[in-house]
Amino acid sequence: MSALSNLIDYIKQGKKREEVPHGYCPNCWGRLEYGGQFYKAVRKKEIDLNNIEEHKGWIQALASQYLYGIDLKKKGTEWECKQCSTKYEHE
Ligand SMILES: [Zn+2]
């Protein structure tokens, strides 16, 4: 699954701000300038199950603005966050 479809699932499921979308760094997500900003913008836009498909491009743009670098990249057997260099055993 791509990072974008993980985010779309995350929004569809109406997750809480503290919960981290699959494939993103939990360490960085907790900071306001990443997850917090992303979450706030999504709430403000009032995206719901009926209109989420047509907002895919907007979500993608938002992710590159706020979540750039905190999506985990596979490195050998681990997953690494480029932003804070934290390594995770699993996704
Ligand atoms: Zn991180």
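Predicted model: local features only at pLDDT ≥ 70, side-chain atom pairs only at ≥ 80, totals over all residues.
Two residues are said to be in contact if their C-beta atoms, placed from the backbone, lie within 7 Å. Good morning, colleagues. Residues are numbered from 1 along each chain as its sequence is written.

I begin with helix α3. Helices (H or I, at least four residues) and strands (E, at least two) are DSSP runs, numbered from the N terminus. The 14 residues of α3 should span 20 Å at 1.5 Å a residue, and the end C-alpha atoms are 18 Å apart, which agrees; the expected span is 1.5 Å times one less than the number of residues.

Which residues of α3 are buried? They are Y34, G35, F38 and Y39. Here, buried means that 20 or more other C-beta atoms lie within 10 Å of the residue's own, exposed means 12 or fewer, and partly exposed is in between, with C-beta atoms placed from the backbone. Those four cover an arc of only 100 degrees around the axis, so they are on the same side of α3; the arc is that of the directions from the helix axis to the C-beta atoms. An α-helix has 3.6 residues a turn, so residues three or four places apart point the same way. The cover over the buried residues of α3 includes α2 and α4. On the face turned away from the buried side, α3 carries the exposed residues L32, E33, R43 and K44.

I turn to the interior. A nonpolar core is a set of buried Ala, Val, Leu, Ile, Met, Phe, Trp, Tyr and Cys residues joined through C-beta atoms within 7 Å. The largest one has eleven residues, including Y24, C25, W29, I70 and C81. Helices α2 (26-29) and α3 (32-45) each supply at least two residues of this core, and the largest share, three residues, comes from α3. Leaving aside neighbours within four places in sequence, C25 is in contact with I70, L72, C81, Q83, C84 and T86. Another core, of five residues, lies apart from the largest one and has L7, Y10, I11 and I59 among its members.

Finally, the backbone. Most residues other than glycine have a negative phi. E46, in the loop between α3 and α4, has a positive phi near 55 degrees. S85, in the loop between β2 (78-80) and β3 (87-88), has a positive phi near 65 degrees. E46 is exposed, with 8 other C-beta atoms within 10 Å, and S85 counts as exposed with 9 such neighbours.
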